[in-house]
Amino acid sequence: MSTEAAVLHDCRDAWVEALVDLAAQDERVVAVVNDSVGSSKLAPFQERFPERLINVGIAEQDMVGVGAGLANGGKVPFVSAAACFLTARAMEQIKVDAAYSQHHVVLVGQSPGMAYGELGPTHHSIEDLAWLRTIPGLTIVVPADPEETRQVVRWAAQHDGPVFVRVSRMGVPDVNPEGYQFVPGRATTLREGSDVTIVATGTVVARALEAAEVLETQGVDARVLAMPTIKPLDEDALVAAARETKGIVTVEEALVSGLGGAVAELLARREPARMRMVGVDDAFAPTGSVEWLLDHFGISASGIVAAAQSLVG
Amino acid sequence: MTVEEDLVPEVGAVPTEALRVFGRVPEGATPDEVVAHLRDAARAVRQRDIQMIRAAGLGHIGGEFSVIDILVTLYLHVLNVAPDRLDDPDRDRFILSKGHAAAALYTTLATAGFLPPEQLSTFMKPLSQLNGHPARTKIDAVEASTGPLGHGLPIAVGTAFAGKLDGSDRRTFVVVGDGELQEGSNWEALMTAGNHRLEHLCVIVDRNRLQQGAKVEDTNDLEPLTDKLAAFGLEVVEVDGHDHAALVEVFASVPAASGKPTAVVAHTHKGHPISFMSDNVAWHHKVPSQDQVTQALAELEAK
């Protein structure tokens, strides 16, 4: 991949730094976990605020319900667990206790997508974006790099409503420009372009940028939009891209029913456009590392280039 | 929910009596006056509830009549919460985990002064705030939306935990159905409550021994229930869930043991005290005919 030369970061480090800073400033901030202190990298939080780390054990339904109750009791709970268990096991609690009740619970899905690689589909969370975006009132954010992760954690603490944040463990480079400011519901134009638009979220934004460089050498001028907020989508940026370029390629470390489905639904209503969706399409992953799996499913620079070329050619 | 067609009567114009707002039991009331107040309020709540079910053609009257005495005792006497300070962070919390008894909650909230009684006539109607299961976003006094079973207890553990972190003496009461305890999430939450010694949490089990389709013991038996609750670290108290004086005494004793959450196993009867409903599994969500309403109202008046 393109980032061989770049420094790669585990976004969980940024997540816990931001959470510890928040907790130092605001005593309402608590963490709720399912024996996931290690996988959430929460040890520094636990050391400093042991009484504010609530470990319910391996009990995800309880974990999300307790989070909702803590919010009701005036706390700002960050419920942090492997995304696969948090979303699949506790889906009804996310729907009812967090979203339908409009409790201010921050659900932090750790190591999402195919981050757990060889551990297999039971531990992958490629369904989360597709599932969760059907839930009214739930904001869904997928930071792409450490600085964005820090900003999203800070924003989620003061947002008045339930939020799902995906925090990646797979190494990612810094992709956002100096001075970047996260704005919920707003895409970031990482590269201007007039032929085709690549819309990417989370860990694979770097791959989209790499694809745009390759496309340039092939005479294709690709726009790259980073889409940190899956819900609500930045409709204006997408409609503009649909009007101004020949088509849209969505890229995600997830089932294509996540970002891809969301963009397709929007454009079908507002500005029908030709599309390609790069992601996992209706499959459980075979055995392989995350890097191998991304390439296997074409969630790679070459896969994105091929998708883009099929729109402009 | 699915409603079996043969259970739905023709819904005609049902004369609906306005519900009297009893409000809280006055300060300084004698024990007898407390019980009289709660008994009269509970009678009015049942009378209004059955008419709401009849008018809507929907509802869960059996489990409503089993829990009404508990709800009325809590809202009119026990809970430290008032309509004009629902945003008080130190208010007691109440969560009706068995959300299908929504009409019982709505009528209790109305007689306690948390809802305008005239709003009850909108029950289940299009755009009503009073749908078949209580919603936090629709009614200020509702702390958490419930309906799917096994949700209220984990939430109550969370509110109790928040109180513990605040060093507050505020209490959290949650009512679960006994059939509801078949949901595993409850036992996750009970472990958390016991292990973290949430002594200001009170879990009330509406032990009416019936679930939708059959007796609890014939479905997936809970016994030995009190032993199980005790083994999870709760102090267990048993009470007649229709005896207002006993309920007052039990709730006043929470926490029943220092450093432990309290479990109140309230022995109740589905459909209580209506002769043709009581302990009859058919009345889980059956809708009464107009003749049955008339008979039930007369029975309640005579109590």
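Predicted model: local features only at pLDDT ≥ 70, side-chain atom pairs only at ≥ 80, totals over all residues.
**Entry 1: domains of chain A**

For the contact, I find 24 residues from domain 1 of chain A and 29 residues from domain 2 of chain A.

Which elements supply the domain 1 side of chain A, where it touches domain 2 of chain A? I noted helix H6 (128-132) and strand S5 (139-141) of chain A, each with at least two residues. S5(A) has the largest share of that side, at three residues. Sorting that side of domain 1 by class, I get 12 nonpolar, seven polar and five charged residues.

**Entry 2: chain B against chain A**

Next I turned to the two chains. I see 23 residues of chain A in contact with 24 residues of chain B. On the chain B side, helix H4 (152-165) and helix H5 (184-195) are the elements that give two or more residues. H4(B) gives the most, with 10 residues. I class the chain B side as 12 nonpolar, eight polar and four charged.

I picked out helix H3 (residues 60-72) of chain A and H5(B). Their axes come within 8 Å and cross at roughly 65°. Angles from 65 to 115 degrees count as roughly perpendicular, so I put H3(A) down as roughly perpendicular to H5(B). I have the crossing of H3(A) and H5(B) as right-handed.

Which residues make this contact? From H3(A) I list A:Gln61, A:Asp62, A:Gly65 and A:Val66. From H5(B) I list B:Ser185, B:Glu188, B:Ala189 and B:Thr192. By class, the contact of H3(A) with H5(B) has two nonpolar, four polar and two charged residues.

**Entry 3: a lysine in chain B**

Last, I went to B:Lys270, in the loop between strand S5 (262-267) and helix H9 (290-302) of chain B. Is B:Lys270 buried or exposed? I find 26 C-beta neighbours inside 10 Å, so B:Lys270 counts as buried; the cut-off for that is 20 or more.

Leaving out residues up to four places away in sequence, I have B:Lys270 touching B:Gly62, B:Gly63, B:Phe65, B:Ser66, B:Asn208, B:Leu210, B:Asp279 and B:Trp283. I also checked B:Lys270 against B:Glu217: they are 53 residues apart in sequence and 15 Å apart in space, C-alpha to C-alpha.

Note on methods
Residues numbered from 1 in each chain as written. Chains lettered and ligands numbered in written order. Contact = placed C-beta atoms within 7 Å. Helix = DSSP H or I, 4+ residues; strand = E, 2+ residues; numbered from the N terminus. Nonpolar A, V, L, I, M, F, W, Y, C, P; charged D, E, K, R; others polar. Axes fitted to C-alpha atoms, helices over the stretch in contact; angles between N-to-C directions. Parallel < 35°, antiparallel > 145°, perpendicular 65-115°, else oblique. Left-handed = near helix turned anticlockwise from the far one by under 90°. Buried ≥ 20, exposed ≤ 12 C-beta atoms within 10 Å, placed from the backbone.
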